[in-house]
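This briefing goes through a structure with the sequence and the 3D view at hand. Please look at both before reading the points below.

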Amino acid sequence: MHPFSFHAAATEQEAIAEAAAGGRYIAGGTTLVDLMREEVERPRRLIDINRLPLRDVHVQDDGLVIGALARMSDVARDPATAQVQPLIVDALVEGASPQIRNMASIGGNLLQRVRCSYFRTLDAPCNKRTPGSGCSAIGGANSGHALFGTSVHCVATHPSDLAVALVALDAVILTRGPGGARRFPVEALYRMPGETPHLEHTLEPGEMIVEIRVPHGSYARRARYLKVRDRASYEFAVVSVAVAMDIDGGIVRDVRLAAGGVGTMPWRLRGSEAVLTGRQSGRAAWRDAAERAIDGAQPLVGNHFKVELLRRTVVRALEMVGGAA
Amino acid sequence: MIDPSIGLPLPRVDGRAKVTGAAQYAAEFNQPNQVYAVVVNSTVGLGRIAAIDAAAATGMPGVVAILSHLNAPRLPYHEHRAFVDPAIGERLHVLQDDQVRFFGHPVAVVIAETLDQAEHAAAAMRISYAAETPVVRLDAPGAVMIVPDAARKPSGRTIADGVRGDPDAAFAQATHQIDATYDIAREHHNPMEPHATVALWDGDHLTLWSKSQFVVNEAIEIAAVFGVPAEQVLVICPFIGGAFGAALRTWSHVTLAALAARHVGRPVKLVLSRRQMFYAVGHRPRTVQRVALAAAPDGRLAAIIHEGTAETSRYEQYIDALTTASAFLYACPNVRTTYRLVPLDSSTPTFMRGPGEASGIVALECAMDELAVALAMDPIELRLRNEPTVNEQNGLPFSSRSMRACYALGAARFGWERRDPRPRSMHDGRLLIGWGMAAATYPSSRAPANARARILADGTAEVETAASDMGPGTYTSMTQVAADALELAPADVRIRIGRSDFPPTPPHGGSMTMASVGSAVQAACLAARALAGGTNYRDIIARRGGEPIVAAASSARGDEQRRFSMNAFGAVFAEVAVDPDLCTVRVRRAVGAYGAGRIINPRLARSQCTGGMVGGIGMALMEQTVVDTRDGRPVNASMADYLVPVNLDVGSLDALFVDEDDPYVNPLGAKGIGEIAIVGMAPAIANAVFHATGQRVRDFPIRIEALLST
């Protein structure tokens, strides 16, 4: 591990000042500490933000409010969340393991680094870790890699389940930092690799995620997160799909769809949403939405199967929410 | 009179020590003034070290020394080859030259005051290579198949070319034929406890607290490497956090720990990281196997052809009994088994639970299932029609063979008679349900072992033997054996194991600990009791002036191996649920019925067998070391990426034992169950997947991808 100093911030102002001066925030540490031990991450100074009062989870008139330091398990067992946004609970309990969920914060979950094996070892070329060194995955083992949003520089899949649900639900992030407070969609937190795969998010130096807000929607209560993988727990998604749908009188009034395991960021399926909106619910609509979902997929040598799996997973997730008739 | 304890489900005598942390594992034997060693591994898969720049690392805080081939002493590496070492080739020498033989080859070791400092300095080592392109897949261009030299004899556990009758002619003439090829991925053992060694030199005497399933051999091997008398090396390993065969051989990291300790003149602790567990501590070799079966319409086998190919390293020929069971598991006049190796630029494979049979019987038993389908015959009925009366490979009678009873007991418990034989015929809602079964066997052997019993003045006894306990419950089962032989209560017996200066024992593997060590423990205890001349030990010893009664004894094979074919047998039944669209497979339940001789402790035996069945789930559905074809890198070298079953993947498992009295195998009549526990599970699952889906997947593990694309 690279030597580092550690400071527990007592106040948000103090934390932001420290981070603006080059410190890195640490909350649960479930990603950062692993990567520090491999020296993939080499922060010189860690700012522990666990003492900041950002763990509250509550429902207000315009939506669900989740403090950035709430633990995954806090939110997963919160009855109010389960009632207004069951998709979020679904996505959380499908993620990681109980031990990790007890430690990992919501803000940290959104910023977790990719699982690409080549990124996580210093001795393999990786443009994300060492810009310009090359991508080992494109010509190597890439069955777990992305179909969408890739570039010739990086094909790593974004690993968060929660982020897929939040992107589907049009959740918004509140941040505070040296430049003041900001508010933007969770989807806008992420950057596709393009020419700069080492830049994964749009936060400014020192900017801290303080809160997630999830707007109420007529679709929210009929929602499922379907995660497909080779073992039943403690594995990242091979493919996952988040669906929230408002069906009235057999007609899809409003729908939110996003996919995980297939994109370099949480992958909103707006084309599929457009196919579904206003349609008669049922298998024909689900199949059309699934066909639209795989449009533009760019499979690699090892992950062709994910195209078909995504198609089937979209159909199944829609059936689970909207019925199989 | 004390009731016998053999056969009772005693809880583990070391259970409390394990769950409270009192049990000490190798890495926990910290020594005063200890420093930490971290291995630096090659980042190319073949070639030579061109240059080592240790300048940055050397100057880092806490760094005590850095060893590479440039400054390490030349070690004697005297000839020494144990049963666990390949018969052909030479063990990996470390830091002796600039050669890189495989990805992750140890090329340097960094020693520092703390683990963090050592890891940090290891990451700062700059090593450049003259790299060549390695051959890392047995089906790659440039991979060459060879006949394993140690298997050329027509007898023995592994036979390169075995034939009886005229299998090719019989195959060609038969009415029903199956000819299929099965490919099983490379697997790594991945026990919870990593390999670890604490090395301490005192003059020319070396003490190693080291994870080992074979402490006696580890002492001899390290003595040979360093050119010191074997009695000057002491290996201590009282507890093992799982091993599955990965700690049978003494690997190069033990040498590196001892070398580092001698170089810096301080005790050294060396623990491999999880990633390093994928480099050079053995693996189950990938195998590609062709099985061709032919049968008459009544199901009787006319021909069995089993051609197995396994990967090995360039520097050693690891062999196991991949195709051996196909020559005797069924009655058949025409059989050919072949066994070939493909040397690759990889480290040497090694024994992994059920070595040989676990992979070979996947191929044989999946092919038998395919044949049953072709014959439209129940798979148990097909097997019953081919049940042999003797071992047709060598003509010997079986010491006992409870195969029929295993089929009957397992089928009854599983509810096999309710199976609809048609594929895709059974459902639970949307899910496809499949029921599959397979036979299993593993040889019951033993090797010379020794033990010493000591009856103390307080009337209790202690028994010393060099054996190991990697998890099956050796401490407990030996307690039962000793207690019965001494006519003591189990609470009055203490078993001490895991030291190389205790009476020597064979490796803790091959399902032979109870047969070998148990027989020696029993003999030593009976000898001590005979010396005492009674069982009222307190009075007897008081009359001797308080002097303990000590007796040592050995056990060895008799002539039973020449008179009998000795094997455990079993039948395994599995139910899977397959999502027909998403292609996920879950094992809902499984039943294993075993004929394994006398069961010393049914609680431990059940645990050992269900544990093996979990390993079989991994083999069937998950485990696979992904190798980068460009350089041999094990890509998924972490527990997040190398999948083994988690609790949610394990449905209801049941292990049953048929009553079996085998007076021939060994004095205890125990056949050993560690290996057969995993054998048969993977093919039972694969056959269940076929029954559920109608898709025959012959590449293992069977993952979503395979079912989507077949």
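Chain B contains 16 helices and 27 strands. Its radius of gyration is 26 Å, close to the 27 Å that the globule rule gives for 710 residues, so chain B is as compact as a globular protein of that length. The model is a predicted one.

**Chain B as a whole**

- The C-alpha trace of chain B spans about 75 × 75 × 50 Å along its principal axes.
- Three domains are assigned in chain B: domain 1 (15-23 + 446-556), domain 2 (31-132 + 192-242 + 247-278) and domain 3 (149-187 + 283-444 + 563-709).

**Domain 1 of chain B against domain 3 of chain B**

- Between the C-alpha centres of domain 1 of chain B and domain 3 of chain B there are 36 Å.
- On the side of domain 1 of chain B, 16 residues are in contact with 17 residues of domain 3 of chain B.
- Helices α10 and α11 of chain B each give at least two residues to the side of domain 1 that touches domain 3.
- The most comes from α11(B), which gives five residues to that side of domain 1 of chain B.
- Sorted by class, the residues of this side of domain 1 of chain B are five nonpolar, 10 polar and one charged.

- Strand β21 (residues 461-464) of chain B runs parallel to β22(B), and four bridges join the two.
- In this pair, A461(B) is placed opposite V493(B) of β22(B).

- How do two packed helices get described? By the angle between their axes and the distance between the axes.
- For α10(B) and α11(B), the axes come within 8 Å and cross at roughly 35°.
- The crossing of α10(B) past α11(B) is right-handed.
- On the α10(B) side, the contact is made by T474(B), S477(B), M478(B), V481(B), A482(B), A485(B) and L486(B).
- On the α11(B) side, the contributing residues include T513(B), M514(B), V517(B), G518(B), V521(B) and Q522(B).
- Also in the contact from α11(B) are C525(B), L526(B), A528(B) and R529(B).
- Taken by class, this contact of α10(B) with α11(B) has 11 nonpolar, five polar and one charged residues.

**Chain A**

- Chain A has 11 helices and 12 strands.
- A compact globule with 325 residues would have a radius of gyration near 20 Å, and the 19 Å of chain A agrees with this.
- Along the principal axes, the C-alpha atoms of chain A fill a box of roughly 60 × 50 × 35 Å.
- The domain assignment divides chain A into domain 1 (5-48) and domain 2 (224-322).
- The centres of domain 1 of chain A and domain 2 of chain A, taken over C-alpha atoms, are 36 Å apart.

**A three-stranded sheet in chain A**

- Three strands of chain A form an open sheet in the order β1-β3-β2, and their pairing is parallel.
- The edge strands β1 (5-8) and β2 (24-26) of chain A each pair on one side only.
- Neighbouring strands of this sheet are turned by 30° against each other on average, direction ignored.
- β2(A) and strand β3 (residues 45-48) of chain A run parallel and are joined by three bridges.
- Y25(A) is placed opposite I47(A) of β3(A).

**Where chain B touches chain A**

- How many residues does the contact take from chain B and from chain A? It takes 27 residues from chain B and 24 residues from chain A.
- On the chain B side, the elements that give two or more residues are α3 (115-123) and α16 (704-709) of chain B.
- By class, the side of chain B that touches chain A has 12 nonpolar, five polar and 10 charged residues.

Terms used:
Residues are numbered from 1 along each chain as its sequence is written. Chains are lettered from A and ligands numbered from 1 in the order in which they are written. This is a predicted model: local features need pLDDT of at least 70, side-chain atom pairs count only at pLDDT 80 or more; totals for chains, interfaces and linings use all residues. Two strands pair if DSSP finds at least two bridges between them. Axes are lines fitted to C-alpha atoms, for helices over the stretch in contact, and angles run from 0 to 180 degrees between N-to-C directions. A crossing is left-handed if the near helix is turned anticlockwise from the far one by less than a right angle, and right-handed if clockwise. Two residues are in contact if their C-beta atoms, placed from the backbone, lie within 7 Å. Ala, Val, Leu, Ile, Met, Phe, Trp, Tyr, Cys and Pro count as nonpolar, Asp, Glu, Lys and Arg as charged, and the others, Gly among them, as polar. Domain bounds come from an automatic or database domain assignment. The radius of gyration is taken over C-alpha atoms; the globule rule is 2.2 Å times the number of residues to the power 0.38.
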